[in-house]
Amino acid sequence: MQDELKPESSRRHNLPLQRWQIYPQKTELARKLGQVTNMPPLINQLLINRGFDLPDTAEIFLNPQSLNLPEPLEEFPDLAMSVDLLQNAIANQEKIAICGDYDADGMTSTALLLRSLRTFGADVDYAIPSRMHEGYGINKRIIEEFDSEGVGIILTVDNGISAFEPIARAKELGLKTIITDHHDIPQKLPPADAILNPKLLPESSVYRGVAGVGVAYILAMSLAEKLGRAEEISDTMLELFALGTIADLAPLVGVNRTWVKRGLRLLPKSQLAGIQALIQMAGVQALGSQGAVTPKFSNSKINNPKSLKPDDIGFRLGPRINAIGRIGDPQIVIELLTTDDVGIALERAMQCEATNASRREMCEEIEKKAIEVVETEYLASLKEDRVLVVVQPDWHHGVIGIVASRLVERYGVPVFIGTYEDDNHIRGSARGIPEFNVFDALQYCDDYLGKYGGHKAAGGFSLPAENLQAVRQRLSEFANQCLELQHLKPLLKIDALANINEVNRELYQQINALEPCGIDNPNPVFWTPNVQVVEQQIVGKGHIKLTVAQAIDGQQHKIKGIAWRWRDYFPLPKPPYKIDIAYKLKENNFNGNTSIELEVLGVRLADSDRLFFTYKDKPVRATFVYSSRQYICGIYQKGSSAELRIKSPENKVLAVQSGHNIGLLGINREQAQKVDISQSPYYDIIQAALKALKSLKS
């Protein structure tokens, strides 16, 4: 039937395929929490959703400065040794070399330690391995090069915890090594003189979630305190910490939340020429929080200093830094973040801007080609494969991870995307979905892969080109073990219901109490039922600009919104159809006017436009013509529900139960495939069938 139907309007209900997971609303608990927090019920519900449902945890979350932090020297066993090694090296003018990484975390970590050590008079330099030719982490070439340059201490940042052989080589050469890293702990630790890694701490430690830049910050500030010079560098170190932590997608809870919140307030008036230049190039504006609701136990005043938001870094500053690490020379970012010369800073920021523009174009080109490959070669078998493995020549390895994320967003399945390094080798990146562990999947293919690594959500890999088909089959086998068909849609987690008349500046200012938002503390997502799209148009590069309206007590309330990169879903259902929308709130500043708008994340047909029908005393049957073809339809009893069945001239049957969005399509029920009946052509033919049945009754 799927191939037989020719819908009259094939795009009328081309909605995103999504799973909506709405948090259970705990009204009574929210009311009780409000007695302590002095926050409205909706904000208390958001706290509950994030696990802060007790007065003491809510207090620390809303007022992170109240968190009592243990001294890092008491938490990290090797921190005192690291400080002593660096202090002695500075006193003796022993040469120190930093080995960083080419992502935002690694580059900000490198810059942070370079600035602090140079402030203290250290003889210090750095190196970052080549993304394209060497890959991640310190290696023997770098070790031996440092040795030839007379380096006495090697300091790794955001890498090194798995570098057993390179660190062993450093030991052979008589070099002292300090590893600062935050990645997972291998079975065998490298023989370094000191290792600082939060993953070595108890899970209860407040420092467990810091990124590589967090470890560098702790080391720099501990050394500064030992030297009695903490005040000289505290603000600049905190700015770099905030920049790197957010750009690396580290969890914004615990100590990260405490320090990031302080750092975000410093960034608008940064003392660093490079950050000011970056802010200028990105067009970021700091916003105040006048009028925000103040928790009862907060010591802060309502009129807080102007601050940046994590989104300003995550979507504006971070990509400009990361673009350099992906397709440029990391030295540009290191110079940007370590120079005090405004001219040099602006020049480096302009290089970041140009590189990011190239990165965007590259991503768009590769994404377009990847979608074309998927649609023509893999889409038909996606439900059987349950994973996408897309490999093409001449794609830039530095950006394919971004494209993998976009394909996950589009198709709702794990994505492994790669490109040929030469005729015989493939190198790639992977992104997963909540029910799929990327690292476990790579381990499942261990005998076919070369190098690989990662974690639950993402990873990287290489393999001999001749093993590609075997890896594709193995990944599909793994995916079929852990994924059901219902998992093959992007998951949208929704916090609470809000009507359009509740979406205003007051609500926006109230949710500012949750800032800074990010990983483990996401921006709140609301949903509103039964709205109509009264205006919509395509703007920019495939975005839908829209106005939605909701009727409440006889009055129509409207609000504007944007759905990024939703060209494929244009036009959204128009009146008289009603939809449910899911969204985040955004502040739009234009020509001196500020308004609250929606950033639309999800759309589904409203209950009133879903398919509901009832079974009476006996089956009801009718025939109807759709697209010049005759069909037979009827409503039957199926368990405790009614089921609509539509038979095509080729004896294929589409069966859907009342109120359901998923139907069965096939010759028989046992071999039928599941289809989303809110999509064309199914929705159109079902409407025609129901119209025929209704006409028969009348």
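User: Of the contacts in the protein chain with a separation of 6 or more, what percentage is accounted for by residues 24 or more positions apart?

Analyst: Please note at the outset that this is a predicted model. Residues 24 or more positions apart account for 65% of those contacts in the protein chain.

User: How many helices and strands does the protein chain have, and how compact is it for its length?

Analyst: The secondary structure comprises 21 helices and 24 strands. The radius of gyration is 28 Å, close to the 26 Å that the globule rule gives for 698 residues, so the protein chain is as compact as a globular protein of that length. Along the principal axes, its C-alpha atoms fill a box of roughly 95 × 65 × 45 Å. Of the 698 residues, 53% count as buried. The accessible surface comes to about 31300 Å², and carbon and sulfur atoms contribute 48% of that area.

User: Let us turn to a sheet. In what order do the strands of the five-stranded open sheet lie?

Analyst: Strands of a sheet pair through backbone hydrogen bonds, either parallel or antiparallel. In this open sheet the order is S7-S8-S9-S11-S10, with mixed pairing. Strand S7 (388-392) and strand S10 (452-454) are the edge strands, each pairing on one side only. Neighbouring strands of the sheet are turned by 15° against each other on average, direction ignored.

User: In which sense do S8 and S9 pair, and which residue is the bridge partner of Tyr420?

Analyst: Strand S8 (residues 415-422) and strand S9 (residues 425-431) are antiparallel, and their pairing extends over seven bridges. Ile426 in S9 is the bridge partner of Tyr420.

User: Which helices accompany this sheet?

Analyst: Helix H17 (residues 400-411) lies across S7, S8 and S9, and runs at about 150° to S8. Helix H19 (residues 468-482) also packs on the sheet, where it touches S7, S8, S9 and strand S11 (458-464). The direction of H19 makes about 160° with that of S7.

User: How many aromatic pairs does a search of the whole structure find, and why is the pair of Tyr207 and Trp259 classed as it is?

Analyst: The search finds 15 aromatic pairs. The ring centres of Tyr207 and Trp259 are 6.2 Å apart and the planes stand at 45°, so this pair is tilted. Tyr207 lies in the loop between strand S6 (194-196) and helix H9 (212-227), and Trp259 in helix H11 (residues 254-266), so the pair ties together parts that are 52 residues apart in sequence. Tyr207 is buried at 1% relative accessible area, and Trp259 also counts as buried, at 7%. Ring pairs link Phe76, Tyr207, Tyr217, Phe241 and Trp259 into a cluster.

User: What angle lies between the planes of Phe416 and Phe436?

Analyst: The angle is 75°, with 6.1 Å from centre to centre, and the pair is edge-to-face. Phe416 belongs to strand S8 and Phe436 to the loop between S9 and helix H18 (438-444), so the pair ties together parts that are 20 residues apart in sequence. Phe416 is buried, with a relative accessible area of 1%, and Phe436 is buried at 0%.

Methods
Residues numbered from 1 in each chain as written. Predicted model: local features only at pLDDT ≥ 70, side-chain atom pairs only at ≥ 80, totals over all residues. Heavy atoms only, no water. Pairing = 2+ DSSP bridges. Helix = DSSP H or I, 4+ residues; strand = E, 2+ residues; numbered from the N terminus. Axes fitted to C-alpha atoms, helices over the stretch in contact; angles between N-to-C directions. Contact = heavy atoms within 4.5 Å. Rg over C-alpha atoms; globule rule 2.2 N^0.38 Å. Buried < 20%, exposed > 50% of the residue type's maximum accessible area, 1.4 Å probe, protein only. Areas by Shrake-Rupley, 256 points an atom, 1.4 Å probe, with all protein chains shown as cover. Phe/Tyr/Trp six-rings, centres within 6.5 Å; stacked < 30°, edge-to-face > 60°.
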